Amino acid sequence: MIIKSAEFVTSAVRQSHYPPASLPEIAFAGRSNVGKSSLINTLVNRKKLVKTSSTPGRTQLINFFMINQSFMFVDLPGFGYARVPKKIQKEWGPMIETYLSTRSTLKGVVLIMDLRRIPGQQESDLINWLSHYGIPSLLVMTKTDKLKKSKQVLQQKQAAEALQLNPEDLLLFSAKSRQGKDLVWEEISKLVREETVLR
Ligand code: GTP
Ligand code: MG
């Protein structure tokens, strides 16, 4: 994918704050600190389009970005970070759920997981929930640069088992080495082109 432009559009909590639903949208979800924002930056060849941080819970709003004036990327707040204030934690579930279940232009969700960690209930729940709503998902295991090649393959296999999927359903990626970047773009491009699923 040739990136001609990538711009921040707006941040939202409530539906009334979302930008107009006119362009195809791809959302990025996953556990807090897993590397969602870094993955977006890598895809669009920008170091700081999206703020990243070593402190979990950095992204607390739904952030919309316009890519090539033709589709949107949506960076969702991460789930599962206990040290975020209770009030905000309670708002996160409904905030993400409302977005995912109502956004008519949503073409797919990229679920990002840390390759070093075996996915748990929250990841399984999200995958099942998306499939229930008929929303296509793309599963990406990131931070591969932290593991040796042989360990990467082993982790990929065990993560797939935990999710009851095939290892090849999990794409390997690294924001640091850029491993898997072209493959992730290929899959995202397919999702962007799919006919709108009416919800
Ligand atoms: P929240 O917004 O807090 O949910 O986090 P996030 O999922 O957006 O993660 P973010 O992209 O901010 O990255 C979290 C930390 O992981 C940062 O310190 C990144 O530099 C680091 N990181 C992200 N991706 C990679 C990767 O592929 N390899 C390595 N080595 N570090 C990474
Ligand atoms: Mg983030």
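Which unit do E5, helix H3 and E6 make? Here are some notes to go with the model.

1. A word on conventions. This is a predicted model, in which local features need pLDDT of at least 70, side-chain atom pairs count only at pLDDT 80 or more, and totals for chains, interfaces and linings use all residues. Residues are numbered from 1 along each chain as its sequence is written, chains are lettered from A and ligands numbered from 1 in the order in which they are written, and side-chain values use heavy atoms, with hydrogens and water left out.

2. To take up the opening question: E5, helix H3 (residues 121-132) and E6 form a right-handed β-α-β unit. Right-handed here means that, with the strands pointing away from the viewer, the path from the first strand over the helix to the second runs clockwise. Helices (H or I, at least four residues) and strands (E, at least two) are DSSP runs, numbered from the N terminus.

3. Strand E5 (residues 106-114) has parallel partners in E2 (residues 25-30), over six bridges, and in E6 (residues 137-142), also over six bridges; two strands pair if DSSP finds at least two bridges between them. Ala-27 sits opposite Val-109 of E5, while Asp-114 faces Thr-142 in E6. Nine of the nine residues of E5 are buried (buried is under 20% relative accessible area, exposed over 50%, partly exposed in between, with a 1.4 Å probe and protein chains only).

4. Do look at the aromatic pairs, of which there are nine. Rings of Phe, Tyr and Trp (its six-membered ring) pair if their centres lie within 6.5 Å; planes under 30 degrees apart count as stacked, over 60 as edge-to-face and the rest as tilted. Phe-8 and Phe-65 are edge-to-face, because their ring centres are 5.6 Å apart and their planes at 65 degrees. This pair links strand E1 (residues 6-12) to strand E3 (residues 62-67), with the two residues 57 apart in the chain. Phe-8 is partly exposed at 46% relative accessibility, whereas Phe-65 is buried at 2%.

5. Phe-64 and Tyr-99 also meet edge-to-face, since their centres are 6.2 Å apart and their planes at 70 degrees. Phe-64 belongs to E3 and Tyr-99 to helix H2 (residues 86-102), so the pair ties together parts 35 residues apart in sequence. Phe-64 is buried at 0%, and Tyr-99 is buried at 0%. Elsewhere, ring pairs join Phe-28, Phe-71, Phe-73 and Trp-185 into a cluster.

6. Lastly, Ser-70 lies in the loop between E3 and strand E4 (71-75) and is partly exposed at 33%. Leaving aside residues up to four places away in sequence, Ser-70 touches Leu-23 and Pro-24, where contact means heavy atoms within 4.5 Å.
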